[in-house]
Amino acid sequence: MKTDELREKYLAFFESKGHRRCDSDVLVPTWDPSVLFTPAGMNQFKDHFLGKVKLEFTRATSCQKCLRTGDIDNVGRTAYHHTFFEMLGNFSFGDYFKREAIHWAWEFLTDKKWLGIAPERLSVTVYKDDDEAAKIWADEVKVPAARIERMEEDENFWPASAPSEGPDGVCGPCSEIYYHPDQGQSVEIWNLVFTQFNRVGDPPDNLRPLPSKNIDTGMGLERTVATLQGVPTNYHIDNLMPIVQAAAEVCGAEYALESEAGRRLRRITDHVRACTFAVHENVYPGANKEKYVVKRLLRRAVLDGHQLGLREPFLHLLVPKVVEQMRSAYPELNETTDRVASVIKKEEANFFGTIDDGLHRIERAFDDMRRENRMRVEGAIAAELYQTYGVPPELFEALAAEHNLAFDWEGYSRAMEQHGQASGKVQHTVMGAKGPIDSLKHALHNTEFLGYEMVEADAVVKGIVAGDAPNDHLCDSMEEVGHGATVRIVLDRTPFYGESGGQVGDTGQLVGEGFAFQVIDTQKDGQLFIHHGHLTKGVMHEGAKVRAIVDTSRRDGIRRAHSATHILHYALQKQLGSHAQQQGSKVDDDWLRFDFTNLSPVESEQLSAISADVAERVGAAEAIRGDVLPLAEARSQGAMMLFGEKYPDPVRMVSMGEFSKELCGGTHLSNTSDVEAFEILSEEGVSAGTRRITALTGRRAAEHSQQICDALEEAAKLVGCAPSALPANISALLEEQRELKKMLASGATASRKGPGGMSTVVGENEPNAAEAKDYLTESAHLLSVAPLAVPERVAAVVKEIESLASRLEERSTAGPITADALLEKSETVGEATVVVAEVPTAGSNLMRQLIDQIRQKCGTSAVLLASTEGADKVTLVAGVSKDLQAKGAHAGNWVKPVAKAVGGGGGGRPDMAQAGGRQPDKLAEALDVARSTIAEMLGG
């Protein structure tokens, strides 16, 4: 399928679903000060999503030209990264929501009328808490549970990590669709965003449902075409490969996929296409904002040409080829081809005039740094090169990274600011996520991880990052920030585990000569380990030697939990079947959460068997080992591999005895017996076909076992029975509760029998720990609560029984509640029978039944009944017969002023309406209002 064909098919498909086909917005939306370039298809509809404009349509579809530079370093190097790209999208503004978005996406992808992709080639991800989307995929679209993966907020939420990190405002979960080719990695081809929340403040409970929910989807045109055409990169599709080939011809270079020349030619192709569109919209190369973006892209492409041997302008020669390939969708490019080529040629000529001197100056700077043993490019030098030779700092940084040198972005910004103040010039905008961590990643590439073999190690401080983004910066010494301030430390090697693979990061200390640093968390950014914490003593400086010491007590708890997840995985597959594969996990200090595939809840007997299997393996004291070996060998040895996971080669395989082999990068015990204890806290569903077990290990498991015994004893005392008899007594209590509710709902007046109505079932034997857990778990199931919440729930049930009994006694005193009894208090207004009365302790359902019975007996009738509960609740129900409605009587309008008289509100249909209030002491007055209102309605 050709690119133009896919673009048209997508738009036509959604037109057939009632969407308005909208032209692409401009690439440079000057109307939107929040962005330099259009970053996504939804950008032109921002005011629609925010309700700021009158909607002429509630469904839209478009193919939007976009430009992003956040991943510019990957352009040409990876298969799918671009700066300029086209984004297909469909949008709903308060119209349809998840069900339609998901079903239509699947239809377009798999129906032979449209793309005809085999369903088994596709998998989906959903946000971890989005049960609604997961259920639609599993139950309605019939995607197998093994191909539905739940992801954290940094992967499947928009904006990324919004629930915990912000920003405040409109946000929502998303669902991504992946294509799995025969060869190579899976490819994300469509992202469905469900904007359904307004984030307000920090968690918890900071996601407020929006009154109007929206849909915003995005399908990358180029990568989807690459998928359909079966080519290795986006640059090999039908409308980009001709530009690549033209670039190869102009540069006199042979194109090869894996060669350095190939990478440069792909980057030239991307950048010249992006600049052709930008210059077409009159964005010329310059020093500020979007103009600087164009300047940077052009000069980066010129540098690639220079390194391929060119010394004269060449990019402008590619503009006609770009227009030729893109004019079918954007015919306006034909009108400006010559102008665009002229602008690009002029910028090329300017840079070619200084590039040799600039590169020579850069090499001199690198030589000076090597002689002085410095590891970071000074920002002042980069600023001088930009001002004198026009070398963009991002190019300087890329060249520095080739020499393993970091780049001082904070110093560069400071030098440019000083230059601007002296010259009166406005500063250009630095683009992309170029913070200090990025500089360290370019320079160091990775941190050597030692944590499998040791928990203490000598290391050297390679970077100190102070402050929060976007104002974070590298500093030479912590004298700048002092004690107490949280900073990030990068070492050349570390025993600290960085959070990944579901395992939390380590804590501990970095100790050096005259200083100590408390590590409160360890994270990973790519292959760099980031130690978060604060100084507790002395002063730390870049280059300092430290002793890195992991908190071994906490690490041991994490190891127990992580090894226990592998044993649990084995036990689940043994008891439930091989389908019970891991769908996600998190391990912390003696705590674990494990998601797995299973269509139905795990029965209590199965849970007991699973716990017994884990206990058996723990008791067997089997050896645990981690081996690094080729992926093929791990596969041949039977290592468990999860669907959709991307594994490196070689891989680390963790083996436990002969019963478990899994590919895992986490830290583990050396023997299963070191798990010590294992306690399942809960088993619950997280989506259709996915269950979750939460469990404890080691010390926390022992503590929880004691809590179970204490909770059982407390609940038994509340009921007045022996602990072993608690489930039977709870059953009796719940039965009594149901009977009392039934009597109240039916209008009965009989009171319960027996002293206080309490169950008298008792037991004698004191249970052991295992029996206590069974008794409490059974009681929890009866009460539909967590085991440790049983005492609180039992207390609530006992209290409600007493309340129900009291209301029943109150009703007995007031006399029977029947339609005939109420008719005895009726009045006649005109030809209508009118009943306005209080019915003590009656619920709304009973009052509705009584109103229906009166209408059946009298025909022409108007009835308003009221009841109170406690000191602050009034319930009102009104009903009007059909013939009176024809004369203007309306139950909803009748009940409104009555509700107002008791401090409330409500309404409803003409025939039946319900309302409520908060002032029972005003009920007598309210009933008088009811009588006068219905008399006025009926003309009485």
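Colleague: Across which strands does helix H26 lie, and at about what angle does it run to S31?

Modeller: In this predicted model, helix H26 covers residues 891-901 and lies across strand S29, S30, S31, S32 and strand S33. Its direction relative to S31 is about 155°.

Colleague: Which strands does helix H27 touch?

Modeller: Helix H27, residues 923-938, packs on the sheet, and its direction makes about 165° with that of S29. The strands that H27 touches are S28, S29, S30 and S31.

Colleague: Which strands stand at the edges of the open sheet?

Modeller: The six strands follow the order S28-S29-S30-S31-S33-S32, with mixed pairing. Each edge strand has a single partner strand, so one side of it is left without a neighbour in the sheet. The edge strands are S28 (827-829) and S32 (905-908).

Colleague: What is the bridge partner of leucine 865 in S31?

Modeller: Strand S30, residues 861-868, runs antiparallel to strand S31, residues 874-880, and seven bridges join them. Within this pairing, the partner of leucine 865 is valine 877.

Colleague: How many disulfides does a search of the whole structure find?

Modeller: A disulfide needs two cysteine sulfur atoms within 2.5 Å. The sulfur of cysteine 22 is 12 Å from its closest cysteine sulfur, in cysteine 63, and therefore too far for a bond. Likewise, the sulfur of cysteine 251 is too far for a bond, because the closest cysteine sulfur, in cysteine 275, is 15 Å away. Over the whole structure, the number of disulfides found is zero.

Definitions and conventions:
Residues numbered from 1 in each chain as written. Predicted model: local features only at pLDDT ≥ 70, side-chain atom pairs only at ≥ 80, totals over all residues. Heavy atoms only, no water. Pairing = 2+ DSSP bridges. Helix = DSSP H or I, 4+ residues; strand = E, 2+ residues; numbered from the N terminus. Contact = heavy atoms within 4.5 Å. Axes fitted to C-alpha atoms, helices over the stretch in contact; angles between N-to-C directions.
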